[in-house]
Amino acid sequence: MLTILALASVVLLGIVPQQSEAIVIYTGWERHALVGSDIRLSCSFFSWRWTSDDVTFSWSYRPDGARDAISIFHYTGGAPYVDNKGPFRDRLEFVGNPGRRDGSILLKNLDYGDNGTFTCDAKNPPDIVGRASSVRLLVFEKVPIQAGVITGSIIGAVLGLLLLIVVIYYLMRFLVARRVFNLSVSKHGKKGKGKEGSQQRQ
């Protein structure tokens, strides 16, 4: 009887599918680009499983001011599919490497109308449970002034600190050399006075 129960347990355990585990998806937080330029939007994931042949990536896009997102790209069955009616139908290229868990896309010839939120979702069966990750794209005609000011301030502060260190270094060298020179002159002066005194006594 015990043998029968044991065999039954093994059979049931073999029938029950493997439990899926969580998958963690990564994208950037915010990307900046210039009008007319290209930009790569990265998407990768962490999974305890080996990379499955059935791995999938999906990208959706929600324009600034819009409530709903639209699907713009999907990778499944080893092949990429770009939405042929969306705003990026002629400007989106898949540049990822699914075997390395990379589902990145390249957006070309950016315009102001491309500002919005891009969301990447990935599945690595049996790991299919996870939260999609989003990155916001901001397109500018020029580099943002704030970013330029901050960068310039940092560079200026670093250069100023280096200049101050150089000035202090040479000032210390000058003071040390001057003190050595004064001590040398004082020493030679004492010797000269000693010789004159001995000559007068003679």
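Are cysteine 43 and cysteine 120 buried or exposed? Cysteine 43 is buried, and cysteine 120 is buried as well. The legends below describe a predicted model.

**View 1. The protein chain as a whole.** The protein chain contains two helices and eleven strands. Followed along the sequence, these elements are arranged in the pattern α-β-β-β-β-β-β-β-β-β-β-β-α. The chain has 202 residues, and 23% of them count as buried.

**View 2. The disulfide between cysteine 43 and cysteine 120.** The sulfur atoms of cysteine 43 and cysteine 120 lie 1.9 Å apart, and the two residues form a disulfide. A disulfide is a covalent bond joining the sulfur atoms of two cysteines. One disulfide is found when the whole structure is searched. The disulfide is left-handed because the torsion about the S-S bond of cysteine 43 and cysteine 120 is about -75°.

View 3. Cysteine 43 sits in the loop between β3 (39–41) and β4 (44–46), while cysteine 120 belongs to strand β10 (residues 116–123), so the pair ties together parts that are 77 residues apart in sequence. Both cysteine 43 and cysteine 120 are buried.

**View 4. Contacts and surface of the protein chain.** Counting contacts in the protein chain between residues at least 6 apart in sequence, 61% join residues at least 24 apart. The accessible surface of the protein chain is about 14,700 Å². Carbon and sulfur atoms account for 61% of that surface.

Notes:
Residues are numbered from 1 along each chain as its sequence is written. This is a predicted model: local features need pLDDT of at least 70, side-chain atom pairs count only at pLDDT 80 or more; totals for chains, interfaces and linings use all residues. Side-chain values use heavy atoms; hydrogens and water are left out. A disulfide is a pair of cysteine sulfur atoms within 2.5 Å. Helices (H or I, at least four residues) and strands (E, at least two) are DSSP runs, numbered from the N terminus. Buried means under 20% relative accessible area, exposed over 50%, partly exposed in between (1.4 Å probe, protein chains only). Contact means heavy atoms within 4.5 Å. Accessible areas come from the Shrake-Rupley method with a 1.4 Å probe; for residues, only the protein chains shown count as cover.
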